[in-house]
Amino acid sequence: MDARVSDIISKVQEGGAIDYDETLYLLALDEASPEATAVRGTANDLVRAKTGNACAMWGQIGIDVYPCEADCQFCSFAKSTTCFTEHVTMPIEDVVARAKEFTKGGDLYGLWLMTMNTYDEDHYLECVKAVREAIPKSTLLFSNIGDTDKEYFEKLKAAGLDGAYHVKRIGEGELTEIPPERREATIRAAHEAGLRIQDCCEPIGADTSNEAIATRLFEIKARNEEYGIHDGSGVMKRNSVPGTRFEGMENEITDMRLALIGAIQVFIMNDQTDIPWFAIHEPNTVSLLSGGNNICAETGFNPRDTAEDTAGHHGLDVPAVRSMFYQAGFKKIVRGDGTEVELTPEYMEAKLAE
Ligand code: SF4
């Protein structure tokens with residue numbers, strides 16, 4: 001075992017967090033090395049001890065699709081490369097029906113309603129109102145929308161929105177048409193409107209430098225110090241979406257690499273005891289054995305998918321996510337209000353029978 005990795009592991013086991021240089025050192029490890037295995041196992045132990053071996057399930061409904069002017073080069077909706085030609089917005093009744101389907105099992109922590117760079121604000125506001133009324137109070141409702149201002153976030157909050165997922169993505173302004181400052185301003189607006197904030201290190205591709213990953217991970221730590229991101233941080237791989245600049249498996253990182261990056265994030269945030277949930281996207285078991293404890297079911301339009309409905313194509317459904325957690329050995333699912341569901345064999349069988 002490499003002595004520096006041993007020292008790092010001892011430090012986090014004693015409650016410390018790693019610095020930028022240590023992060024770069026770990027990011028350079030071969031994912032299949034004994035050192036990487038030790039890092040992943042240690043992160044797994046730290047997170048399961050912190051949460052009592054619990055996990056959190058999210059769901060996402062994509063409600064819009066059109067050739068998007070933000071032209072993010074990794075996205076299946078980017079105007080330069082997309083196979084979607086029409087502007088389609090899901091009717092409110094469909095959004096509500098999908099929200100009910102996601103939450104009928106009663107163990108969803110949070111639900112995102114996702115739109116794109118621009119969207120019909122009135123329709124989105126009505127969707128938030130209708131979905132909030134239709135789903136259990138124990139499930140948090142979060143936005144995943146284009147840049148907007150404090151006033152609109154205040155309207156969404158009044159309609160029942162709990163928080164906002166908004167991220168300055170890796171390569172923002174270079175791989176996208178969106179200035180990074182605009183993303184930052186939107187995050188601040190959501191916070192000032194009284195919403196909870198989520199952040200994530202994304203999208204990570206095979207060409208993404210370790211410095212870019214480390215920089216984003218430390219920005220997320222700082223975001224937590226400034227705003228609090230208690231409902232979860234995480235890491236997300238960039239999919240090699242057909243037709244985009246990043247088409248082809250050689251552009252995509254493996255689950256093992258994503259799991260290592262997720263474990264390193266656990267080490268970075270180890271001294272921030274208010275962070276229990278570490279999201280992994282795309283969901284995979286090796287990451288759930290490496291500190292990840294938060295994955296997502298998806299339906300509707302999906303910027304990482306070329307199918308009109310990601311359900312049954314790229315996106316996992318709720319039973320599949322629940323099963324992945326169970327098989328990874330988690331003993332509890334935590335809801336958005338902090339209540340817990342025991343993940344027992346009997347519970348799994350009862351859910352399969354529903
Ligand atoms: S990632 Fe979002 S903002 Fe960028 S092109 Fe896709 S839908 Fe538009």
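Predicted model: local features only at pLDDT ≥ 70, side-chain atom pairs only at ≥ 80, totals over all residues.
Residues are numbered from 1 along each chain as its sequence is written, and side-chain values use heavy atoms, with hydrogens and water left out. Local features need pLDDT of at least 70 and side-chain atom pairs count only at pLDDT 80 or more, while totals for chains, interfaces and linings use all residues.

Thr23, Leu26 and Leu27 of H2 make the contact with residues of H9, among them Arg257, Leu260 and Phe267; contact means heavy atoms within 4.5 Å.

Next, select helix H6 (residues 150-158), where Tyr152, Phe153 and Leu156 are buried, that is, under 20% relative accessible area with a 1.4 Å probe, protein chains only. Seen down the axis of H6, the buried residues fall within an arc of 100 degrees, so they line one face of the helix; the arc is that of the directions from the helix axis to the C-beta atoms. They pack against helix H5 (121-134), strand S5 (140-144), strand S6 (163-165) and helix H7 (180-192). Just after H6, Gly160 has a positive phi of about 120 degrees.

Finally, select Ala78, in the loop between strand S2 (64-65) and strand S3 (88-89). Ala78 is buried, at 2% relative accessible area. Leaving aside residues up to four places away in sequence, Ala78 touches Cys68, Asp71 and Cys72.

Technical notes:
Helix = DSSP H or I, 4+ residues; strand = E, 2+ residues; numbered from the N terminus. Buried < 20%, exposed > 50% of the residue type's maximum accessible area, 1.4 Å probe, protein only.
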